[in-house]
Amino acid sequence: QVQLVESGGGLVQAGGSLRLSCAASGFTFSRYSMSWFRQAPGKERELVARMSSSGVSTNYADSVKGRFTISRDNVLNMVYLQMNSLKPEDTGVYLCKAERSELGINFWGKGTLVTVSS
């Protein structure tokens, strides 16, 4: 059974930091690219950061470059998002996604809520 379970969200003041974690199980983690998306109230889901299966390649939304860092551990089957210098506009539900685009397969977690107060 495939599971992606996010944790680490919460309430933080602007300028603060949070580290999100996503625990993966039920599939061959090391073969999947991993991404973090976020969805703010009334807005479309947007890609925040993506890391290739090997961990060599990363992509970030322009709005988070220099502040957020994605990482993964292919032994522990975990992916992380370190978020620094948080802004109120970073508020939203953060979701973890596993993808093998060449097979058209993807899995989603249920998300963890991040609230940044001004």
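Guide: Contact means that heavy atoms lie within 4.5 Å. This is a predicted model, in which local features need pLDDT of at least 70, side-chain atom pairs count only at pLDDT 80 or more, and totals for chains, interfaces and linings use all residues. Residues are numbered from 1 along each chain as its sequence is written, and side-chain values use heavy atoms, with hydrogens and water left out.

Visitor: Which residues does Thr 69 touch, not counting residues up to four places away in sequence?

Guide: With those places set aside, Thr 69 touches Tyr 60, Tyr 80, Leu 81 and Gln 82.

Visitor: In which strand is the place of Thr 69?

Guide: Strands (E, at least two residues) are DSSP runs, numbered from the N terminus. Thr 69 belongs to strand S7, residues 68-73.

Visitor: Is Ser 35 buried or exposed?

Guide: Buried means under 20% relative accessible area, exposed over 50%, and partly exposed in between (1.4 Å probe, protein chains only). Ser 35 counts as buried because its relative accessibility is 3%. This residue is found in strand S4, residues 33-39, and its contacts beyond four places in sequence include Leu 47, Ile 70 and Cys 96. Thr 69, at 43%, is partly exposed.

Visitor: What is the relative accessibility of Ser 118?

Guide: The value is 90%, so Ser 118 counts as exposed. Ser 118 lies in the segment after strand S11 (112-117). Leaving aside neighbours within four places in sequence, Ser 118 is in contact with Ala 14 and Pro 88.

Terms used
Helices (H or I, at least four residues) and strands (E, at least two) are DSSP runs, numbered from the N terminus.
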